[in-house]
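Walk through this model one chain at a time. Then look at where the chains meet.

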Amino acid sequence: MPIQVDVAARRARACKAFMAQVHSTTAKEGITPSTLHALKLKLVALAKRSDLFPLADFAMPQAHGRSHPLLVEEDDGHGLYLSISLPGKEAAPHDHGIWCANAAISGRERHVFYRRTDDGKKVGSAEIVKVGEVVIEPGTGMVMADHDIHSTVVIGDRPAVGLALYGYALARFPSVTWFHPEFTSVRATPSRRHAA
Amino acid sequence: MAPATKTFQVTIRNSGQTIACAADRTILQAAVAAGVDYPYACATGNCATCISKLENGKVSLLPHADAALGKAQLKSGLTLACRARPRSDVTINWLARRAS
């Protein structure tokens, strides 16, 4: 009888191989629209291997959203996470200051993209306009450059489970800038670049 | 004609103000609209900048991230002003974290 290879070990190997591909891609060309697109395609391919990511291996959120580290590199390295968000979980338009890619394993999440239109001279105030939208569902993904602005919301009645690759680990994130059209305001959370 | 949305009184201990908050609005939305300088950043339950002590009253919470408000914090009477909709008159006190 063949030996069952432990899913966690296979998952760890797959994540390590994925990250090696990420570095191989960016080492040659840096972070460009073209390489970000390539990273998205690789992440979508990894997310399609749903046998590596059984939900039983990942605790559901106590509230409505939780990120599980899959492979977090040291220092200024990247972070790869499995995120679980319940229906209705949302994030206002924000710029998290570092590139990212997302790919769905199950469920659906809407990402809306924006462009800032004011000159930034009035402290605490900002205006943005919607420039695009995409629904991430199994077999699809999205990618954003360092200062792109997006909002997210889980749609439908199932949790959105997906993979997220960030240029920096979440614990070492730069300041995140949040935009609130309702208040015509902008606020920022402190940088974690020196905290971890 | 649709029934009018119920409105509750929200007392914000830090600023000493009492404001009206409709049951379909969050405490943060009502506070900002009333000109209260309530600390916030994401306003969608992700960052915990608006984390507050619910001193009196009842609220219902919109979806939020575990990292912003955990079960134990909720049990100890903390809430997120950006996710909390009043279900009674409320007294609330924001904690120290302030966004830039």
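Predicted model: local features only at pLDDT ≥ 70, side-chain atom pairs only at ≥ 80, totals over all residues.

In chain B, Thr11(B) stands opposite Thr18(B), a residue of β2(B).

Strand β7(B), residues 90-94, pairs with β1(B) in the parallel sense, over 3 bridges. Thr11(B) takes part here too: its bridge partner in β7(B) is Thr91(B). Strand β1(B) itself covers residues 7-12 and has two faces. Phe8(B), Val10(B) and Ile12(B) form the covered face. Thr7(B), Gln9(B) and Thr11(B) form the uncovered one.

Step back to the sheet. Five strands are arranged in an open sheet, in the order β2-β1-β7-β3-β5 of chain B, with mixed pairing. Strands β2(B) and β5(B), residues 78-80, stand at the edges. Each has a single partner strand, so one side of each is left without a neighbour in the sheet. Neighbouring strands of this sheet are turned by 40 degrees against each other on average, direction ignored. At the β5(B) end, β3(B), residues 51-56, pairs with β5(B) in the antiparallel sense over 3 bridges. There Lys53(B) stands opposite Leu78(B).

What is the order of elements along chain B? From the N terminus it reads β-β-α-β-β-α-β-β-β. That gives 2 helices and 7 strands. The C-alpha trace spans about 40 × 25 × 25 Å along its principal axes. The radius of gyration of chain B is 13 Å, which agrees with the value near 13 Å for a compact globule of 100 residues. Buried residues make up 42% of the 100 residues in chain B. Take the contacts in chain B between residues at least 6 apart in sequence: 59% of them join residues at least 24 apart.

Helix α1(A) has 23 residues. From its first C-alpha to its last it reaches 33 Å, close to the 33 Å expected at 1.5 Å a residue. Its buried residues are Arg11(A), Phe18(A), Met19(A) and Val22(A). They pack against α2, β1 (65-72) and β2 of chain A. Just after α1(A), Gly30(A) takes a positive phi of about 75 degrees.

Helix α2(A) spans residues 33-47 and has 15 residues. Its reach from first C-alpha to last is 21 Å, close to the 21 Å expected at 1.5 Å a residue. Leu36(A), Leu39(A), Lys40(A), Lys42(A), Leu43(A), Val44(A), Leu46(A) and Ala47(A) are buried in α2(A). An α-helix has 3.6 residues a turn, so residues three or four places apart point the same way. The cover over the buried residues of α2(A) includes α1 (7-29), β4 (100-106), β7 (141-144) and β9 (160-166) of chain A.

Chain A also has an open sheet. Its 6 strands follow the order β6-β5-β8-β3-β10-β11, and the pairing is antiparallel. At the edges stand β6(A), residues 128-136, and β11(A), residues 185-189. Each has a single partner strand, so one side of each is left without a neighbour in the sheet. Neighbouring strands are turned by 30 degrees against each other on average, direction ignored. Inside this order, β3(A), residues 90-95, and β8(A), residues 149-155, pair in the antiparallel sense over 3 bridges. Glu90(A) stands opposite Val153(A) in β8(A).

One residue of chain A deserves a stop. Tyr81(A) lies in strand β2(A), residues 79-85. Is Tyr81(A) buried or partly exposed? It is partly exposed, because 19 other C-beta atoms lie within 10 Å, while a buried residue needs 20 or more. Not counting residues up to four places away in sequence, Tyr81(A) touches Ser67(A), His68(A), Pro69(A), Leu70(A), Ala164(A) and Leu170(A). Tyr81(A) and Arg187(A) are 106 residues apart in sequence and 25 Å apart in space, C-alpha to C-alpha.

Finally, bring the chains together. The contact takes 19 residues from chain A and 18 residues from chain B. On the side of chain B that touches chain A, 10 residues are nonpolar, 6 polar and 2 charged.

How values were computed. Residues numbered from 1 in each chain as written. Chains lettered and ligands numbered in written order. Contact = placed C-beta atoms within 7 Å. Nonpolar A, V, L, I, M, F, W, Y, C, P; charged D, E, K, R; others polar. Buried ≥ 20, exposed ≤ 12 C-beta atoms within 10 Å, placed from the backbone. Helix = DSSP H or I, 4+ residues; strand = E, 2+ residues; numbered from the N terminus. Pairing = 2+ DSSP bridges. Expected span 1.5 Å × (residues − 1). Rg over C-alpha atoms; globule rule 2.2 N^0.38 Å. Axes fitted to C-alpha atoms, helices over the stretch in contact; angles between N-to-C directions.
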